[in-house]
Structures are given as C-alpha cells and as structure tokens.
Amino acid sequence: MENKIAVSACLVGKNTKYDGKNNYNAAVIEYIKDKEVILICPEVSGNMSIPRIPCEIKDNKVINKINEDKTTNFYNGAKKELDKLLKENVKIIIVKEKSPSCGLKYIYDGTFSGKIINGSGIFTSLALKHNFIIYSEKDIERIINKKDWKVLFNLNLLFHFLILSINKY
C-alpha cells in the first residue's frame with residue numbers, strides 16, 4: 001500500500017502515555033481508516049517505561065518531574081523512530097500536541113505547572129529537519145470536522161500528489 005502514514009501510538013488507543021493511559025482520538029481514527037498506518041512512540045523506543053515519571057523540555061534538556069535528565073532517552077527514541085519512517089518511505093506523520101517528544105506547535109514549559117509555550121518536541125523537531133509533513137491531532141480534528149475545508153482539500157491533494165510522485169519512481 002502506497003499511502004503509508006505514521007501516527008503517535010497513543011492517538012489510536014495504545015497505552016503508551018507517561019501515566020500508562022492513551023490519548024485516543026476519533027478524528028485521527030477516521031482520517032487513517034483507509035491508510036497503512038505505522039505506529040510510533042519515541043519515548044517507548046527510547047526505553048522509557050510505561051508508566052513513567054512525566055517529562056518536560058527545559059533549557060534544551062528533557063527533565064522528568066524529579067529532575068532526572070532523560071534527554072538521551074528522548075533523542076535515542078526519536079532517532080530510532082525516524083530511521084524506521086525513512087526506511088518505510090513515510091511522508092506524513094500525525095503527532096500528539098504538547099508532548100515532549102511529539103509536540104508540533106506547543107509543548108509544556110518545563111516547570112510542570114501546566115503552562116504551555118510555543119515549541120516542538122524532540123522527535124518532531126528532528127522529523128521537520130527531514131522534510132516530513134507533520135500534523136497534530138488538533139489539525140486532524142479540524143479537517144475531519146470540516147471546519148477548515150481548505151486544509152482538508154490541500155491535505156488530500158498533497159497526499160495524492162505524493163502518491164503519484166512515489167509511483168513515478
């Protein structure tokens with residue numbers, strides 16, 4: 001199947017979150033229903049346990065709530081997942097907003113106070129450097145709810161263009 005898409009595992013109901021739960025998202029499930037899905041979880045790939053102590057990014061480091069540096073785990077997991085997606089020729093990724101791994105536009109500020117700032121998670125930052133097309137679950141919700149038909153049209157047009165481009169080679 002040519003229309004492969006990577007999705008944060010927590011968004012499809014896999015219990016990979018720090019608290020052992022998930023972020024099941026019906027809009028994401030609806031969007032991916034006719035696509036070959038490759039599940040990703042950079043934190044699990046980085047040998048982080050389920051459950052685990054919450055982590056946030058502060059001063060370019062990933063620190064957990066008891067002040068342990070988990071930066072290496074996050075980068076190792078991000079690199080493993082990125083390598084997998086490059087080998088699978090995936091072009092589009094759907095990630096979980098605000099995650100220290102997968103946040104696209106927003107992450108927590110590193111104080112564990114719930115404050116949100118502009119920024120990207122470790123995995124997403126690396127994936128953006130490799131020219132992946134990345135959407136958060138919030139983007140997909142807007143698309144599925146047809147609140148933004150232009151985004152839906154452009155996303156589908158782009159997806160089909162990518163498929164045609166891949167098929168040429």
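In the structure described here, which is a predicted model, strands β1 and β5 pair in the parallel sense over three bridges, where two strands are taken to pair if DSSP finds at least two bridges between them, and where strands (E, at least two residues) and helices (H or I, at least four residues) are DSSP runs numbered from the N terminus. Within this pairing, Ile-5 stands opposite Ile-92 in β5. Residues are numbered from 1 along each chain as its sequence is written, and side-chain values use heavy atoms, with hydrogens and water left out. Because the model is predicted, local features need pLDDT of at least 70 and side-chain atom pairs count only at pLDDT 80 or more, whereas totals for chains, interfaces and linings use all residues.

The β1–β5 pair belongs to an open sheet of four strands, whose order is β2-β1-β5-β8 and whose pairing is parallel. Strands β2 (36–40) and β8 (133–136) stand at the edges of this sheet, and since each has a single partner strand, one side of each is left without a neighbour in the sheet. From one strand to the next, the twist averages 25°; here axes are lines fitted to C-alpha atoms, for helices over the stretch in contact, and angles run from 0 to 180 degrees between N-to-C directions. On one flank, β1 (residues 4–8) is joined to β2 by five bridges, the two strands running parallel, and Val-7 is placed opposite Leu-39 in β2. On the other flank, four bridges connect β5 and β8, again in the parallel sense, and Ser-136 in β8 is the bridge partner of Val-95. The residues of β5 are divided in their direction, Ile-92 and Ile-94 pointing one way and Ile-93 and Val-95 the other way, and all are buried, a class defined by a relative accessible area under 20%, with exposed meaning over 50% and partly exposed in between (1.4 Å probe, protein chains only).

Helix α3 (residues 71–87) lies across β1, β2 and β5 (92–95) and runs at about 165° to β2, while helix α5 (residues 137–144) lies across β5 and β8, with an angle of about 80° to β8. Of the 169 residues of the protein, 44% count as buried. Among the contacts (heavy atoms within 4.5 Å) with a separation of 6 or more, 63% are accounted for by residues 24 or more positions apart.

A cis peptide bond joins Ile-50 and Pro-51, with omega of about -10°, and Pro-51 lies in the loop between α2 (42–45) and β3 (55–58). Asn-60, although not a glycine, has a positive phi of about 65°; this residue lies in the loop between β3 and β4 (61–64) and counts as exposed because its relative accessibility is 71%. A positive phi, near 70°, is likewise found for Asn-67, which is located in the loop between β4 and α3 and is exposed, with a relative accessible area of 63%.

Lys-70 also lies in the loop between β4 and α3, but at 22% relative accessibility this residue counts as partly exposed. When neighbours within four places in sequence are left aside, Lys-70 is in contact with Met-48, Cys-55, Val-62 and Asn-64. The C-alpha atoms of Lys-70 and Glu-43, which are 27 residues apart along the chain, are separated by 9.8 Å.

The largest pocket has a volume of about 560 Å³. Of the 28 residues that line this pocket, Lys-17, Tyr-18, Ser-99, Pro-100 and Tyr-108 are the closest to its centre, and the elements that give two or more residues to the lining are α2 and β3. A pocket is defined on a 1 Å grid over the protein atoms alone, as an open set of points where a 1.4 Å probe fits, with protein on both sides within 12 Å along at least five of seven lines, and lining residues have an atom within 4 Å of a point. Grid points are joined across faces, edges and corners, and the volume is the space filled by probe spheres set on the points. By class, the lining comprises 14 nonpolar, six polar and eight charged residues, where Ala, Val, Leu, Ile, Met, Phe, Trp, Tyr, Cys and Pro count as nonpolar, Asp, Glu, Lys and Arg as charged, and the others, Gly among them, as polar.
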